[in-house]
Amino acid sequence: MIDPNPDVSRVTLADLDSTRMLEVGDADHGYVVVRKEPLDHLDGTYYELRHQETGARHIHVATPDDNNAFVVLLPTPPKDSTGAPHILEHVALAGSERFPVKDVFFAMNPRSLRTFMNASTSPDATQYHFSTRNPKDFHNLLSVYLDAVFFPRLAELSFRQEGHRLEFERPDDPTSGLRFKGVVFNEMKGAMANPVSIMFRAAGRTLFPDLPYAHNSGGDPRQIPDLTWEALREFHREHYHPSNAYFYTYGNLPLTESLARIESQVLSRFEAFNVDIRIPDQRRFEVPALLTEPYPLAKHEDPSDKHHVLVAWLVGLSSDSFYVLAFEVLERVLLANAASPLRKALIDSGLGSALVDLSGYMSFTREGAFGAGLKDVKEDDVSKVESLILETLAALVRDGIDQDQVDAAIHRLEIERREVSNSGLPYGLRVFERLEAAYIHGGDPYLALQFDEDLARLQHERQSGPFFEKLIKHWLLDNPHRARVVLAPDPDLEERETQMELARLAGIELGLTDDEKVRIIEQAQLLRSMQDAAEDLSVLPTLEISDIPMYFEDVSHLIEDLSGAQTGFFPQPTNGLNYVDFSFEFAGLEDRLIDLLGVFAFALTRSGAGTDDYLELAARIETYTGGVGASTSIRVPITGVDGYVRRLTLSGKALTRNLHPFTAILSDILTGVRFDPKRLKDLIRQQRASFQSRILQAGHHYAQRLALAQLEPFGLLEERLSGLRFLDKLKELAGYSDDGLAGVIEDLNEIRQSLFRATSNPHICVTAEESSLATLRALVEETVAALDSTPAMPRTPDPPFGRGKHQARTTAVPVAYNARVQKVVGFTHPDAPALLVLANYIDDKYLLKEIREKGGAYGASALFGRESGIFSFLSYRDPHIIRTHQIWDSAIPTVVERKIDPDDLKEAILASCAAVDPLLSPDTKGRSRFYDDLAGYTLEQKAEFKGRLLKVGIEDIQRVAATHLAGGDPAYATIGNPEMVEAANRELGALFEVSPI
């Protein structure tokens with residue numbers, strides 16, 4: 001362990017698990033244990049409890065994991081599409097009985113070392129969840145969440161801020177035009193401009209016309225203004241009661257202590273309440289349903305081949321763990337990879353570019369659904385997609401399913417169940433996801449965690465007959481409860497909806513009396529006063545600097561040179577999984593090939609290799625691995641003197657029993673990948689479709705890359721590899737003829753020959769159980785020996801870089817994604833820790849109020865890239881461009897001039913420490929250590945940075961703000977609709993160079 005500050009005590013976790021003493025029938029703090037079962041695969045124990053007075057349910061998973069998790073879930077099926085469940089989720093966290101501050105959630109962010117903290121609304125439930133490795137933090141967050149959920153203030157002004165309100169464009173000017181404003185209102189305007197969200201809601205309305213799933217639980221922007229404050233309060237009274245609550249805890253903290261807090265702080269204050277909001281079975285269709293729904297398309301796009309088609313069926317209960325497993329296997333068999341028969345039939349047909357969103361098994365509703373379809377379909381071909389799906393399924397029933405594909409699908413699911421990973425979401429919350437449907441819909445949550453029992457039954461059913469063929473016939477072919485949902489592109493939709501909204505507002509405004517206009521102005525003033533009012537945040541619990549763990553885990557490992565490849569071996573408790581990375585520098589790649597590197601990485605594991613065509617390789621990957629993929633990365637080394645490290649990495653994972661075929665697959669890809677024109681054309685179309693669907697989900701990140709490309713050479717490189725410039729390249733390639741693609745393939749082969757050489761400074765990272773490392777060492781060495789050993793290409797000089805213009809990209813979206821980036825200093829500079837603290841301070845104490853609360857954006861943040869030395873401002877689903885830039889302009893002078901509270905500084909330091917010590921798991925500990933060390937970010941360097949971080953003072957953050965950011969020359973970028981961008985350019989003096997996405 002590395003301790004950067006021995007004067008600050010290290011937090012240790014004692015063995016607190018007194019949970020083992022509880023047995024079935026035992027009473028504890030008003031609860032009775034009704035079930036106790038072993039969880040051998042987690043080295044843990046499963047408990048079900050019931051609160052005797054209120055009937056509240058509680059599941060606890062006791063494990064040695066010190067990343068303890070909590071969830072309270074409340075079924076909240078919507079009655080309409082006004083967004084009551086979603087808006088209540090926001091308003092519940094805007095102050096409570098014990099913690100009467102205006103935004104408990106954001107106020108707790110900098111007072112915690114949480115590894116996860118959020119709340120979310122699903123189609124039929126709302127959940128509040130967090131995880132943390134710090135016991136004190138766990139109990140702090142537990143107290144705050146319990147009070148927020150069960151005793152919120154639900155203030156009217158909070159409802160107006162978070163949900164919706166009427167306000168004049170200039171709040172104090174009744175002649176400036178009436179507008180709808182509100183955080184959720186703007187969030188959902190952005191969400192419902194995304195075809196993914198539109199398809200999701202359309203499928204719900206079509207498959208479940210009689211149930212709450214027909215409504216938009218998040219809120220339809222056209223109906224959100226119909227929700228009243230009184231209706232919101234009533235919705236809370238009906239749904240947020242312990243009798244309707246499903247609690248969950250996970251980890252190594254004692255259950256009895258959590259029960260005591262829940263009982264004393266919440267349950268003791270309630271009596272049983274008759275809550276009957278069960279969702280019934282959907283009335284079955286006699287004939288399939290059809291729905292065509294418009295979605296917004298940018299005016300510069302050709303709508304002729306932009307239809308999205310989904311064919312979906314209502315299937316079995318999501319609470320039945322056996323049928324969930326059966327449909328998960330069926331999804332993998334039919335759709336998971338290039339060799340999957342339904343996927344292959346759809347892609348090979350040429351009717352569309354890629355599988356449509358929602359393809360596969362969907363278990364987020366009480367009764368599950370199964371669907372498949374295509375994106376980018378011509379209108380005349382819509383019915384052909386449905387016919388093709390039905391014909392392919394009928395042929396599988398008639399001719400039989402390849403049982404090797406079933407075995408491969410089961411193998412992949414086995415890996416998913418076995419893998420203990422915090423990647424993407426803390427593992428304790430992943431466990432909850434697995435049991436959630438069974439928990440709230442009357443199934444067996446314990447069985448949902450017991451993969452082996454359901455698998456044994458599945459294998460028995462397979463031996464008794466053609467199980468999956470019968471599954472397809474019963475639930476799909478012979479099931480009239482089917483829907484064909486079509487999204488039709490509409491270049492005028494966004495403009496039309498904007499005009500409808502303005503017309504509605506004009507009608508409201510026309511009917512306003514002078515007194516009502518005064519009240520709207522007064523309400524805006526009251527809201528602004530609330531947002532600006534000083535608060536006593538001392539009522540909230542907090543960690544102290546002394547609670548910060550002052551150590552970094554020293555991961556055991558061995559570094560060896562294997563035939564010229566620097567290789568790191570990391571023994572970890574991976575539960576039988578083995579992780580291997582082959583990483584190659586691409587600094588020697590000619591500049592003309594850089595724009596194809598993203599295509600190369602995508603196609604590398606999806607093409608043929610060795611003696612296999614792409615279908616045979618896909619089958620091998622599915623059968624013997626847990627997935628193989630390639631990606632590019634760019635990193636600024638700690639020295640900064642050698643530019644930046646650019647790598648392409650081939651990664652994969654496999655069970656120990658499959659090590660030989662797994663490494664053979666990696667070797668075949670590295671030494672014998674083969675690109676085929678027809679396959680490459682399909683892959684380019686798939687990659688383009690996937691890329692386009694991500695832009696509106698993470699537009700702020702694409703805006704950040706767009707801005708950084710103007711400022712730094714590595715930013716321009718990232719933009720060419722994975723930004724909007726790369727999307728432009730994909731669009732260009734999608735229009736190539738076969739002859740043109742032949743030239744592309746020549747370039748891809750040149751990339752392969754340049755990269756995959758034993759002399760191209762390869763680095764290999766191996767993470768596995770100790771018992772597997774010797775076998776892996778020999779197999780990896782064989783793979784390296786098979787690589788081309790001719791001399792590596794010399795480093796190619798980077799092309800000249802000149803400062804670019806501020807950029808704006810336009811598309812069909814009613815909100816904006818804004819970015820401002822500025823070069824400051826990097827990791828080893830004495831001011832770097834203060835810049836990180838400054839970013840967290842500005843984020844919490846300035847942007848939250850000005851851009852989210854006052855401006856109505858769904859998100860806003862300040863970020864400091866410790867390695868890149870880039871300071872960024874971002875906003876997400878933002879109704880403003882001009883105002884947001886003005887706020888950013890004022891942020892630094894405000895910080896320099898204001899009097900900063902020492903407690904605010906402490907919170908900014910806490911938030912910074914959470915960022916520098918992220919949650920890792922066995923699959924990521926080795927990779928993190930290996931690549932950090934290669935770039936110079938050793939444990940000693942990290943410890944030194946953290947030690948300096950703890951010593952940052954008020955004068956430091958004000959000094960670095962003035963020194964590094966005031967009067968700088970930042971780069972700007974935005975993504976928005978043409979009208980917003982045009983208006984911004986008029987007011988900002990043609991700031992942006994504009995082009996369409």
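Which helix gives the most to the lining of the largest cavity? Helix 23 does, with four residues. The structure described here is a predicted model, in which local features need pLDDT of at least 70 and side-chain atom pairs count only at pLDDT 80 or more, while totals for chains, interfaces and linings use all residues. Residues are numbered from 1 along each chain as its sequence is written, and side-chain values use heavy atoms, with hydrogens and water left out. Helices (H or I, at least four residues) and strands (E, at least two) are DSSP runs, numbered from the N terminus.

**Cavities**

- The structure holds four cavities of 30 Å³ or more, a cavity being a set of points on a 1 Å grid over the protein atoms alone where a 1.4 Å probe fits but cannot get out.
- The largest cavity has a volume of about 380 Å³, where a volume is the space filled by probe spheres set on the grid points, which are joined across faces, edges and corners.
- Lining residues, meaning those with an atom within 4 Å of a point, number 21 for the largest cavity, and the closest to its centre are Pro 195, Tyr 295, Leu 297, Gln 692 and Ser 693.
- Two or more residues of that lining come from each of helix 6 (195-207), strand 11 (289-296), strand 14 (367-377) and helix 23 (677-695).
- By class, the lining of the largest cavity has eleven nonpolar, five polar and five charged residues; here Ala, Val, Leu, Ile, Met, Phe, Trp, Tyr, Cys and Pro count as nonpolar, Asp, Glu, Lys and Arg as charged, and the others, Gly among them, as polar.
- The second largest cavity has a volume of about 130 Å³, and of the 14 residues that line it, Phe 200, Gly 204, Phe 208, Phe 364 and Thr 365 are the closest to its centre.
- Helix 6 supplies the largest share of the lining of the second largest cavity, five residues, and by class this lining has ten nonpolar, three polar and one charged residues.

- Eight strands form an open sheet of mixed pairing in the order 1-2-3-4-10-5-7-6, where two strands pair if DSSP finds at least two bridges between them.
- The edges of this sheet are strand 1 (27-28) and strand 6 (116-121), each of which pairs on one side only.
- Within the sheet, strand 5 (residues 68-75) and strand 10 (residues 246-251) run antiparallel and are joined by five bridges, and Phe 70 has Thr 249 in strand 10 as its bridge partner.
- Strand 21 (residues 645-655) has nine of its eleven residues buried, so it is largely enclosed by the rest of the structure; buried means under 20% relative accessible area, with a 1.4 Å probe and protein chains only.
- Strand 18 (residues 577-585) runs antiparallel to strand 21 and is joined to it by nine bridges, with Glu 585 standing opposite Arg 647 of strand 21.
- Strand 20 (residues 628-635) also pairs with strand 21 in the antiparallel sense, over eight bridges, and the bridge partner of Thr 632 in strand 21 is Leu 648.

**Aromatic rings and charges**

- The count of aromatic pairs comes to 37, taking rings of Phe, Tyr and Trp (its six-membered ring) as paired if their centres lie within 6.5 Å, with planes under 30 degrees apart counted as stacked, over 60 as edge-to-face and the rest as tilted.
- Phe 327 and Tyr 361 form a stacked pair, 5.4 Å centre to centre with 15 degrees between the planes, and this pair links distant parts of the chain, with Phe 327 in helix 9 (residues 321-335) and Tyr 361 in strand 13 (residues 360-362), 34 residues apart.
- Both Phe 327 and Tyr 361 are buried.
- The rings of Phe 873 and Trp 888 are stacked, because their centres are 5.9 Å apart and their planes are at 20 degrees.
- Phe 873 lies in strand 27 (residues 870-878) and Trp 888 in helix 30 (residues 882-897), so the pair ties together parts that are 15 residues apart in sequence, and both Phe 873 and Trp 888 are buried.
- Ring pairs link a cluster whose members include Phe 70, Phe 151 and Phe 270.
- The charged end of Arg 269 sits over the ring of Phe 151, 3.9 Å from its centre, the rule being that NZ of Lys or CZ of Arg is within 6 Å of the ring centre and within 35 degrees of the ring normal.
- Likewise, the charged end of Arg 457 sits over the ring of Phe 322, 3.7 Å from its centre.

**A contact across the sequence**

- Ala 703 lies in helix 24 (residues 699-711) and counts as buried at 0% relative accessibility.
- Ala 703 and Asn 818 are 115 residues apart in sequence and 6.1 Å apart in space, C-alpha to C-alpha.

Definitions and conventions:
On a 1 Å grid over the protein atoms alone, a cavity is a set of points where a 1.4 Å probe fits but cannot get out, and a pocket is an open set with protein on both sides within 12 Å along at least five of seven lines; lining residues have an atom within 4 Å of a point. Buried means under 20% relative accessible area, exposed over 50%, partly exposed in between (1.4 Å probe, protein chains only).
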